[in-house]
Amino acid sequence: MAAPIAVEQDNGVQDDDQYEVASYTTSITSSITDYKYEHGRRYHAYQEGRYALPNDEDEQNRMDLQYHAMRLAFDDKPFFAPVAKLERVLDAGTGT
């Protein structure tokens, strides 16, 4: 197995910018839950209008149903790529 590659992290923040960044990220958290309601459905407020579908419970149920329908249609196969030897897997799904 190859040795891990060291990654240098650079968030682009200099010492005098620390307060400004912390304040910016703190304000994001409160604005995420500032939902917009339209026609009886809940929509997220973060970058309003970028994602057209609602994020309420009905939409989450629709997405779950779509997921299960796809699994049924594909004989419960989670992927189609030919994998000879599986050592590690990154599941980047976010779920509902």
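Predicted model: local features only at pLDDT ≥ 70, side-chain atom pairs only at ≥ 80, totals over all residues.
Residues are numbered from 1 along each chain as its sequence is written, and side-chain values rest on heavy atoms, with hydrogens and water left out.

The protein chain contains two helices and two strands, where helices (H or I, at least four residues) and strands (E, at least two) are DSSP runs numbered from the N terminus. Along the sequence, these elements follow the pattern α-β-β-α. Of the contacts in the protein chain with a separation of 6 or more, 11% join residues 24 or more positions apart; a contact denotes heavy atoms within 4.5 Å.

The protein chain has 96 residues, of which 5% count as buried. Under the scheme applied here, buried means under 20% relative accessible area, exposed over 50%, and partly exposed in between (1.4 Å probe, protein chains only). The protein chain exposes about 9300 Å², and carbon and sulfur atoms supply 54% of this area. Accessible areas were computed by the Shrake-Rupley method with a 1.4 Å probe, and for residues only the protein chains shown count as cover.

A nonpolar patch on the surface is formed by Phe79, Val83, Leu86 and Val89, which together have about 400 Å² of accessible area. Patches consist of residues with over 30% relative accessible area and no salt bridge; like charges are joined within 9 Å, and nonpolar side chains (Val, Leu, Ile, Met, Phe, Trp, Tyr) within 5 Å. Leu86 lies in the segment after helix H2 (57-73) and is classed as exposed because its relative accessibility is 55%.

Side chains of opposite charge can pair when their charged atoms come close. Five salt bridges were found in a search of the whole structure, each defined by a side-chain nitrogen of Lys or Arg within 4 Å of a carboxyl oxygen of Asp or Glu. One of them links Arg71 to Asp76, with the closest N and O atoms 3.1 Å apart; Arg71 is partly exposed, at 21% relative accessible area. Glu87 and Lys85 form another salt bridge, at 3.7 Å from N to O. Glu87 is exposed at 57% relative accessibility, and Lys85 is likewise exposed at 65%. A salt bridge also connects the side chains of Asp34 and Lys36 (4.0 Å, N to O). Asp34 is partly exposed, with a relative accessible area of 44%, and Lys36 is partly exposed at 32%.
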